[in-house]
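Hello,

Here is the structure you asked about. Please open it first, then read the notes below with it on screen.

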Amino acid sequence: MENVKANEVLDAKGLACPMPIVKTKKVMNNLEAGQVLEVQATDRGSKADMKAWAESTGHQFLGTIEDGGVLKHYLRKASSDESIEKKHPDVVKNEELEQRLGEDVTILDVRESAEYAFTHIPGAISIPLGELEERIGELSKEKNIYVICRTGNRSDLACQLLGKNGFSQVINVVPGMSQWTGTVTGIES
Amino acid sequence: MDGNSNWDRKLIFFFEFENTIGGSKVTINVMTSGEVTKKVYNREELFILDVRNQSDFQDWKIEGANFSYLNIPYFELLDGVEEILGEIPADKNILVTCAKEGSSVMVAEMLSEAGLNVFYLEGGMKAWSEHLEPVKIADLTDGGQIYQFVRIGKGCLSYMVVSNGEAALIDATRMTDVYIDFAKRIGATIKHVFDTHLHADHISGGRSIAQKTGATYWLPPKDATEVTFKYSPLEDGNDVSIGHTTIQIQALYSPGHTIGSTSFVVDQKFLLSGDILFVDSIGRPDLAGKAEDWVSDLRETLYSRYKELSGELIVLPAHFMIIDELNEDGSVSEKLGTLFEKNHGLNIADESKFRSLVTENLPPQPNAYQEIRETNMGKINPDIDKQREMEIGPNRCAVR
C-alpha cells in the first residue's frame with residue numbers, strides 16, 4: 001500500500017457518529033491551511049459523512065483507505081492561496097498537456113503527497129511545494145517541466161521558485177488536477 | 001428495554017460532548033420505531049428533521065402519508081441550530097432522525113435547549129430498517145392464523161402460518177428473535193421455514209431460524225445451485241401441512257424474479273406471491289443478472305399460471321414499495337382478481353411492451369445486492385454491522 005503522508009493523525013476509532021466529525025472539526029481548526037489530516041475511524045458511516053462535511057466546509061476530501069477494519073480518511077485544510085494572482089508567464093491548459101503526454105516531458109506534481117497518492121497523472125513526479133527547494137536537484141534543467149497542482153496556484157509558486165533557480169523551460173498547467181479529465185492513476189483508480 | 005440504564009447511557013454520552021453542549025440537563029424525548037410505525041398506520045402528522053447527509057436522505061427515508069421533512073446534515077449544525085429554528089413548525093410533533101441515533105440525540109438536545117419540544121428516533125435508521133410489525137391477516141379454516149410481519153422501513157414482508165401449536169415461516173428476515181419470540185408467545189413450535197426464492201435485497205433469516213429451532217429449511221433448488229449448506233428442496237406440488245388438522249401450504253413454481261421463484265397457496269385462500277407479484281407493481285427479473293432470459297418466465301407466471309388461479313385468492317407479497325400500498329390496519333394484501341384489474345404490470349397486452357418495461361429503464365438495484373445474494377448462499381459470512389450496512393435502503397425489487 002502506498003504511504004500517504006499526513007501532518008496530523010486523529011484517532012477516532014471506536015467512536016460513533018457524530019463524534020468522528022466533532023473531533024475532526026476541532027483538530028482541523030488547529031491545522032494550518034493546506035495541511036493534511038488523517039482521521040482513523042471505525043464507524044463505517046464516517047466515510048460518506050466525512051466527504052460531505054469536507055465539501056460543505058470547503059476543506060478538500062482526498063480519499064479513504066481501508067486498512068484492516070480501520071477507515072483512514074484524508075482531508076486537506078482549505079487553503080487561502082486560491083485567490084492569489086498567478087505570476088509565472090508560461091502557462092498551458094490541461095488539454096494541451098494531455099496532448100503532449102506521449103512526448104519526453106517531465107510532469108511535476110507539487111501537491112501534498114497525500115493528494116498525489118490518491119490520484120495523479122501517470123508518470124508525474126511528486127515533490128510537494130514545501131519540499132521543492134531542498135529537492136530541486138532531482139529535476140533536470142534540460143527538459144520541459146510541466147508543473148501541476150490542484151488549481152494552478154501552488155504550481156505557479158513552484159514555477160517562480162524553479163525560475164529563480166535557473167530553470168528556463170518551466171510551464172504552469174492550469175487549471176490543474178481539479179479539472180483534469182485525462183487518465184489518472186493512484187489509490188482511487 | 002431498561003429505561004433507566006438507557007437514559008444513563010445518554011447522559012454519559014452527553015458529558016462526553018465537551019464544547020458542543022454546555023453539559024446542562026434538558027429533557028429530550030425518545031420515540032421508538034414502533035411508535036413511528038403507529039403514526040404511519042394512523043396517517044398522523046409528523047415533522048422529521050433528518051440529520052443524515054443529503055445523499056443518504058435522498059436515497060431512503062421514513063415515509064408517511066402526512067410526514068413532512070427537513071434534511072440538514074448534523075455536521076452543519078455543530079456550531080448551533082439557530083439558523084434552522086425558523087424552519088421547524090411549532091404545531092407538529094418533531095422527530096430528529098439520523099443513521100444510528102448519536103447525531104440525532106445531539107441535535108435534539110440542542111433544539112431542546114433552544115426551547116423546542118422534540119423527539120429523537122431510538123436506534124436511528126438502523127433500528128427503523130430492522131423494525132418488524134406483526135399484523136394478523138386472518139383466521140384460518142380450522143382455527144389457525146396467518147400473520148404478516150411488516151418490515152416497515154425497508155418494505156419487506158414475511159409470514160407466519162400457525163395451526164394447532166405448529167408454525168411455518170415464509171421469507172423470514174435476519175431479525176430471527178422476533179419470529180422465535182412471537183411463536184413462543186402464542187405457544188407455537190416453528191416446524192417449517194421457507195424462502196420463496198434466493199433474496200437479493202435482504203439477508204434471509206431462514207437458515208438461522210431452522211438451526212435454532214430444529215425446523216426444516218426449504219429453498220427452491222433452482223435458486224440454490226450455489227448454496228454451501230444443506231436444505232430441503234422445495235418443488236412444485238410440494239404440500240406441507242402444519243398442525244394436526246393440517247393447513248395446506250401448496251408450493252407453486254412461479255419463475256420470473258429468479259429462476260426458482262416459488263409461490264404458496266395457503267389454506268386455499270391466500271397466495272403468497274414472493275417477489276413475483278406485488279400490490280402495485282411486479283417483480284423485476286434482472287437481479288441475478290438474467291433479465292433477458294427470465295422475461296418470458298415472468299410473463300408466463302403472471303399471465304398464465306396466476307391467471308388460472310381463483311381471483312378470490314388474497315395476494316400476500318414479499319414486499320411493498322410505497323406506503324400507499326398499506327391497508328388501513330397496516331397490512332399489505334389484495335385480491336388476485338382486483339390485481340388483474342388494477343395492477344399495471346398485469347395489464348400489458350403487448351408482449352414486447354412488457355419486455356421493455358421489465359428490462360429497460362429499471363430502477364437502481366438494491367444496495368449491495370450481489371453481496372446479499374452471496375450471504376444468502378452461505379458463501380460469505382459478514383458480521384452484523386456489515387449486514388446492517390448491506391441492507392441499508394429500500395428493497396427495490398419491483399418494476400412499475
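How many helices and strands make up the secondary structure of chain B? There are 13 helices and 20 strands. Before going further, please keep in mind that this is a predicted model.

Chain B as a whole

Chain B has 400 residues, and a compact globule with that number would have a radius of gyration near 21 Å. The value for chain B is 22 Å, which agrees, so the chain fits the expectation for a compact globule. Along its principal axes, the C-alpha trace spans about 65 × 50 × 40 Å.

Of the 400 residues, 57% count as buried. The accessible surface of chain B comes to about 16,500 Å², and carbon and sulfur atoms account for 45% of that area. If you take the contacts in chain B between residues at least 6 apart in sequence, 63% of them join residues at least 24 apart.

Chain B carries 38 positive and 61 negative charges. The mean position of the positive charges and that of the negative charges are 4 Å apart.

Helix 11 of chain B

Which residues of helix 11 of chain B are buried? This helix covers residues 351-359, and its buried residues are F354(B), L357(B), V358(B) and T359(B). As background, an α-helix has 3.6 residues a turn, so residues three or four places apart point the same way.

Just after helix 11, N361(B) takes a positive phi of about 50 degrees.

Chain A

Chain A is divided into two domains: domain 1 runs over 8-78 and domain 2 over 81-179. Taken over C-alpha atoms, the centres of these two domains of chain A are separated by 27 Å. The domains do touch: nine residues of domain 1 are in contact with six residues of domain 2.

One residue of chain A to look up is Q99(A), in helix 3 (residues 94-99). Is Q99(A) buried or exposed? Its relative accessibility is 68%, and since the cut-off for exposed is over 50%, Q99(A) counts as exposed. Q99(A) and G182(A) are 83 residues apart along the chain, while their C-alpha atoms are separated by 9.7 Å.

Regards

Key:
Residues are numbered from 1 along each chain as its sequence is written. Chains are lettered from A and ligands numbered from 1 in the order in which they are written. This is a predicted model: local features need pLDDT of at least 70, side-chain atom pairs count only at pLDDT 80 or more; totals for chains, interfaces and linings use all residues. Side-chain values use heavy atoms; hydrogens and water are left out. Helices (H or I, at least four residues) and strands (E, at least two) are DSSP runs, numbered from the N terminus. The radius of gyration is taken over C-alpha atoms; the globule rule is 2.2 Å times the number of residues to the power 0.38. Buried means under 20% relative accessible area, exposed over 50%, partly exposed in between (1.4 Å probe, protein chains only). Contact means heavy atoms within 4.5 Å. Accessible areas come from the Shrake-Rupley method with a 1.4 Å probe; for residues, only the protein chains shown count as cover. Lys and Arg count as positive and Asp and Glu as negative; His and the chain ends are not counted. The place of a charge is taken as NZ of Lys, CZ of Arg, CG of Asp or CD of Glu. Domain bounds come from an automatic or database domain assignment.
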